[in-house]
Amino acid sequence: MSSPARGAPGTAVAEPAPRLVLTGNVIVDLVLTVDALPDPGGDTLASSSRITAGGAYNVLVAARRAGLDVVFAGQYGTGPMGDVVRAALAASGAEIAQAGLADVDSGYCVALVDATAERTFVTTVGAEGRLTRADLDRVPVTGADVVHVSGYSLADPVTAAALPGWLHDLPRATRVITDPSPLVVGLDPAVLGPVLQRTDVLTANAREAAAMTGRTGAGAGATALVEHIRPGGFVVVRDGAAGCWLAGPPVGDAPVLVPGFLVRAVDTNGAGDAHAGVLAHGLALGLPSEEAARRANAAAALAVTRSGPATAPTAAELDAFLREASPSPADHQGPEPGHGRAPVAATRAEAPSGD
């Protein structure tokens, strides 16, 4: 990593522009739309299908559309899936740090989206799971940057061996956002613990927060997680249609609910990623935590009104939505994250991250 260059005495040196440094897995999503999941051993016909880049790509797109420069620090492969990933990255406008691996293909995820807009995933790992410390060290990181880490990366042995030490060596001013992902229950505590200690913003859904803390309430889960992250940071727990809960010194002694927005959900795949990308943009701009979370809520709400995983809004769309939209009533309790069985007419976008 490198620090901002210093000029001669008395010479003004421009501060580096903030960027999102994305370490997560960009893979291929094979998205199938079904009325309902078949019973074990059964079968069903999909009403639609698509093959698209997904995973951390959704966070990348959300941040780019919001107006934030992105450096993709992850690894990717060569082959049919790698071709999809490479084309998407090339068109994304992000800076791509790695040349890619020639001897292994990228991984992919089968995403089943049912009639309630709920998603069910099965993922196989490829080249994205081979991100090494040498790969990460190719990326110069400054104190103005925001680094995004995914629990999916921490489940890969090679990447899990590289990330904790790299995060530890980042400039102290660099902010780290960690999304533990639905895989959090299977992550090695010896890997997750050091990552959380260098995390400034932990963002999870209510199911993941409950798995990490044993607390059933999203606000209580957010509060319990604060002690596991870097002092001075805060926790975001996405709580279905209600919005998201914040806890930590930036919001005071008690957890704070940032309300969501009522929308008609079509597809919740990638909603958590839209939330993360726009949250990172808000933090990079220096917005207060609650304002950054409100914009992230709105981005995720817009994302679920569109079909596909990378459906985050542009900055103009987000601003227009915030001028006109009404937040969810404080007493509206949407579907428990990960279940999504409430009527889709009143569902805010909350979803586990798909990366």
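This is a predicted model: local features need pLDDT of at least 70, side-chain atom pairs count only at pLDDT 80 or more; totals for chains, interfaces and linings use all residues.

Colleague: What makes β10 and β11 a pair?

Modeller: Pairing takes at least two bridges, and β10 (residues 201–205) and β11 (residues 234–238) have five bridges, in the parallel sense. So by the cut-off of at least two bridges they count as paired.

Colleague: Why do β5 and β13 stand at the edges?

Modeller: The open sheet has nine strands in the order β5-β4-β1-β8-β9-β10-β11-β12-β13, with mixed pairing. β5 (95–96) and β13 (252–259) each have a single partner strand, so one side of each is left without a neighbour in the sheet. Helix α7 (residues 206–213) packs on this sheet, touching β9 (175–179), β10 and β11, and its direction makes about 110° with that of β10.

Colleague: Why is helix α1 called mostly covered?

Modeller: Buried means under 20% relative accessible area, and nine of the eleven residues of α1 (residues 56–66) are buried. Among them are Tyr57, Asn58 and Leu60. Just after α1, Gly67 takes a positive phi of about 115°.

Colleague: How do you know that the lining of the second largest pocket has no charged residues?

Modeller: Charged covers Asp, Glu, Lys and Arg. The lining is Val184, Val185, Leu187, Pro189, Leu192, Gly193, Leu196, Gln197, Ala211, Met212, Leu225 and His228. By class, that gives nine nonpolar, three polar and no charged residues. α6 gives the most to this lining, with five residues, and the pocket's volume is about 200 Å³.

Note on methods: Residues are numbered from 1 along each chain as its sequence is written. Side-chain values use heavy atoms; hydrogens and water are left out. Helices (H or I, at least four residues) and strands (E, at least two) are DSSP runs, numbered from the N terminus. Contact means heavy atoms within 4.5 Å. Axes are lines fitted to C-alpha atoms, for helices over the stretch in contact, and angles run from 0 to 180 degrees between N-to-C directions. Buried means under 20% relative accessible area, exposed over 50%, partly exposed in between (1.4 Å probe, protein chains only). On a 1 Å grid over the protein atoms alone, a cavity is a set of points where a 1.4 Å probe fits but cannot get out, and a pocket is an open set with protein on both sides within 12 Å along at least five of seven lines; lining residues have an atom within 4 Å of a point. Grid points are joined across faces, edges and corners, and a volume is the space filled by probe spheres set on the points.
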